[in-house]
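Hi,

Here is the structure I promised to pass on to you. Have a look at it first, then read my notes below.

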Amino acid sequence: MEQEKQKAALNLSLVMGDNALILGHRLSEWCGHGPILEQDIALSNIALDLIGQARLWLSHAGKLQGGKSEDDLAYHRDVFDFHNFQMVETPNGHWGTTLFRQFVYDAWHHAMLQKLVHAQDEDIAGIARKSLKEVNYHLRWSSEWVIRLGDGTEESGAKMQEAYADVWPYVGELLQKDTW
C-alpha cells in the first residue's frame, strides 16, 4: 500500500512539475513581444512563477525517485517520459490564444491546488500552499483578460472565438484522471 501511495505521489509531482515547466517555457517566448509593456511583464512573471513551481514539484519527484535532481527530471529525460498535458505544448499563436490557454490552465491548476493543500503528503501540501498564492493571481489576471478581449472590439471578440476553437479540443485531457 505504501508503495502505491509513493507511486501516486511521484506521478502527481511529475504531472504538476512537467505542466508548469513546459507552460512556463512556452509563456517565456512572449518576453519582449507582448502587446504592451505591462502585459509583457505580467506574462513573464507568470512564466517565472511556473518555472519556480516546476522546480519544487520536480525536486519532490526526484526525492521520491531516490535522489534524482530537478535538472535530471527537467532536462535529462526522454520526451516520452514527460507527463504534461498536450495543451501546454501548443504554440502560443496570437495573444488571445495564449491568454485563453492560460485561463483554462489556470482554472484547472487553481482547482487542483485547492485539493492538494489537504494532501496527506506534507511536501505535496506545502508545494500546493505556496503555489496557490501565485495561481490566485494568475487566474485573476487571465480571466480578466479573457473577458476584456471577449467583450472588446469586434476584432478582439473574433480573436477570442478563434482562441476558444484552438484551445478547447485539449480541455478534456485536463479532466481525465488517468492523465495525472
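What follows is a short tour of the core, the pockets and some charged pairs.

One thing before we start: this is a predicted model, so please read everything below with that in mind.

Let's begin with the inside. The largest nonpolar core has 50 residues. Met16, Trp95, Leu116 and Trp141 are the ones with the most contacts inside this core. Helices α1 (2-28), α2 (37-64), α3 (70-75), α4 (95-116), α5 (122-150), α6 (154-167) and α7 (171-175) each give two or more residues to it.

Now for the empty space. Rolling a probe the size of a water molecule over the atoms shows where such space is left. The largest pocket holds about 470 Å³. It is lined by 18 residues, and Ala8, Ala9, Leu12, Leu116 and Ile124 are the closest to its centre. Both α1 and α4 give two or more residues to this lining, and α1 gives the most, with seven. Sorted by class, the lining has nine nonpolar, four polar and five charged residues.

Ten residues line it, and Val79, Phe82, His83, Asn84 and Glu89 lie nearest its centre. Here the classes come out as four nonpolar, four polar and two charged.

Last stop: the charged pairs. Side chains of opposite charge can pair when their charged atoms come close. How many salt bridges does the structure hold? There are six, and here are some of them.

Aspartate 18 and arginine 77 form a salt bridge, at 2.4 Å from N to O. Aspartate 18 sits in helix α1 and arginine 77 in the loop between α3 and α4, 59 residues apart, so this pair links distant parts of the chain. Buried or exposed? Aspartate 18 has 0% relative accessibility, so it counts as buried, and arginine 77 is buried too, at 17%.

Lysine 63 pairs with aspartate 123, with the closest N and O atoms 2.3 Å apart. This pair also links distant parts of the chain, 60 residues apart, with lysine 63 in helix α2 and aspartate 123 in helix α5. Aspartate 123 is partly exposed, at 35% relative accessibility.

Glutamate 134 and lysine 130 meet at 3.8 Å, N to O. They are four residues apart in helix α5, so about one helical turn separates them.

Enjoy exploring!

How values were computed
Residues are numbered from 1 along each chain as its sequence is written. This is a predicted model: local features need pLDDT of at least 70, side-chain atom pairs count only at pLDDT 80 or more; totals for chains, interfaces and linings use all residues. Side-chain values use heavy atoms; hydrogens and water are left out. A nonpolar core is a set of buried Ala, Val, Leu, Ile, Met, Phe, Trp, Tyr and Cys residues joined through side-chain atoms within 4.5 Å. Buried means under 20% relative accessible area, exposed over 50%, partly exposed in between (1.4 Å probe, protein chains only). On a 1 Å grid over the protein atoms alone, a cavity is a set of points where a 1.4 Å probe fits but cannot get out, and a pocket is an open set with protein on both sides within 12 Å along at least five of seven lines; lining residues have an atom within 4 Å of a point. Grid points are joined across faces, edges and corners, and a volume is the space filled by probe spheres set on the points. Ala, Val, Leu, Ile, Met, Phe, Trp, Tyr, Cys and Pro count as nonpolar, Asp, Glu, Lys and Arg as charged, and the others, Gly among them, as polar. A salt bridge is a side-chain nitrogen of Lys or Arg within 4 Å of a carboxyl oxygen of Asp or Glu.
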